[in-house]
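Dear colleague,

Please find the structure below, for your files. Notes on its ring contacts and nonpolar cores follow.

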Amino acid sequence: MQPIRFVDRKFTYLLIMTVFVECLVGYGATSGQFQKVVLDKAFRSEGVAVGDINRDGKPDVLAGELWYEAPNWTMHEILPPGQYNPATGYSKTFSQFAKDVNGDGWVDSIITTMMGEPCYWYENPGRKPGHWKQHIGFRSACNETPLYADLFGTGERVPLWGVQPEGYIAWFSIGQDPYQPWDMHIIGGPKAPGSEPFSHGLGIGDLNEDGRRDVLVTAGWWEAPQDRKQAYWTFHPAKLGDACADMLVYDVDGDGDSDVISSSAHNYGIWWHENVDGKSMDFKQHTIYDKVSQTHAMWLIDLNKDGIMDFVTGKRYFAHNGNDPGSKEPVKVLWFEIRRTDSGPQFIMHEIDNDSGLGTQFEVLDIDNNGTLDIVSSNKKGVHIFSQQ
């Protein structure tokens with residue numbers, strides 16, 4: 001075990017975090033400034049959420065039919081857990097989000113399952129024993145990258161994805177009766193690109209620099225109107241690369257306009273798409289890295305707090321049960337530091353781990369309250385926290 005530095009006023013919590021995790025869960029050194037915490041070695045889900053489930057002031061982890069109680073990550077059932085074979089099958093959870101859906105003060109679990117099937121939410125019973133009650137959030141959740149994101153720049157995350165059979169791209173709000181299906185706010189469609197069940201590529205960000213966050217797919221982008229509840233946003237065709245996962249909007253080269261970062265969900269390739277002049281909205285694709293495959297999820301965040309955004313990604317383990325290019329290669333978690341130079345942006349790759357990877361959705365936040373950002377993931381290799389020291 002490597003030496004650990006404690007902050008005095010947080011000593012008790014951090015001591016419990018490290019000692020109990022090492023003894024009861026699993027603790028191992030990773031590359032660089034992260035420590036790998038193994039919450040579970042079983043395949044539970046390919047999405048994960050974080051929320052204070054039992055209202056004790058500590059963020060807990062949700063993965064599929066289970067939640068793990070901080071600080072020693074005690075396992076609790078949301079539903080009877082499924083038995084999923086990572087070599088031949090899939091779980092029932094491809095993305096997972098934590099939100100108090102019914103407004104009773106207890107954090108609930110939202111999941112999307114196999115693409116095109118309904119989105120469900122599971123009602124936290126609070127102090128009552130037993131499994132959580134299942135409710136339908138909406139009848140269809142399509143695209144392989146369903147989003148739960150801050151579409152309006154208010155700090156409030158909302159669901160956003162495709163809807164079949166109509167072929168809408170839409171965001172959703174919870175109505176007056178949270179037990180009824182959510183209200184759908186149509187952005188584009190019918191037959192909108194990116195709305196198909198297994199479509200790849202979805203993102204949000206202020207692409208045209210007007211102060212409002214737009215919605216992106218690989219075929220183009222919908223321009224956010226002043227009233228975001230307005231239906232049928234204006235669509236602008238654009239060439240934003242091959243089938244990908246999350247699409248991140250950021251001024252990569254520091255020239256004052258917004259570019260796009262994306263990655264191949266089932267092949268090799270991480271790219272940035274340069275906004276050529278900021279006016280025509282034409283994009284030129286550049287390769288960032290092409291030595292890792294199946295990077296099926298990404299996060300844009302200033303991980304090292306240097307004022308320039310970075311991004312986190314990683315290999316999805318056996319996305320198509322070993323049939324994708326590079327399936328047998330090391331299952332890495334990576335973050336890329338963006339540096340701006342006179343000759344253009346540089347991307348410094350940092351390896352966090354090489355035997356876990358990421359699923360189809362993950363979270364980045366300060367889960368251990370030590371002032372640094374951590375990574376929380378669940379996939380066919382288990383449930384993990386990468387704690388930044």
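In this predicted model, the charged end of Lys 380 sits over the ring of Tyr 90, 4.8 Å from its centre; the criterion is NZ of Lys or CZ of Arg within 6 Å of the ring centre and within 35 degrees of the ring normal. The charged end of Arg 55 is likewise placed over the ring of Trp 106, at 4.0 Å from the centre.

Local features need pLDDT of at least 70 and side-chain atom pairs pLDDT 80 or more, whereas totals for chains, interfaces and linings use all residues. Residues are numbered from 1 along each chain as its sequence is written, and side-chain values use heavy atoms, without hydrogens and water.

There are 12 aromatic pairs, that is, rings of Phe, Tyr and Trp (its six-membered ring) with centres within 6.5 Å, called stacked if the planes are under 30 degrees apart, edge-to-face if over 60 and tilted otherwise. Phe 311 and Phe 336 are stacked, because their ring centres lie 4.9 Å apart and their planes meet at 10°. This pair joins strand E24 (residues 310-315) to strand E25, across 25 residues; strands are DSSP runs of at least two residues, numbered from the N terminus. Phe 138, Trp 161 and Phe 172 are linked into a cluster by ring pairs.

The largest nonpolar core holds 28 residues, and Val 61, Trp 73 and Ile 375 have the most contacts inside it. Such a core is a set of buried Ala, Val, Leu, Ile, Met, Phe, Trp, Tyr and Cys residues joined through side-chain atoms within 4.5 Å, where buried means under 20% relative accessible area (1.4 Å probe, protein chains only).

Notes
Buried means under 20% relative accessible area, exposed over 50%, partly exposed in between (1.4 Å probe, protein chains only). Helices (H or I, at least four residues) and strands (E, at least two) are DSSP runs, numbered from the N terminus.
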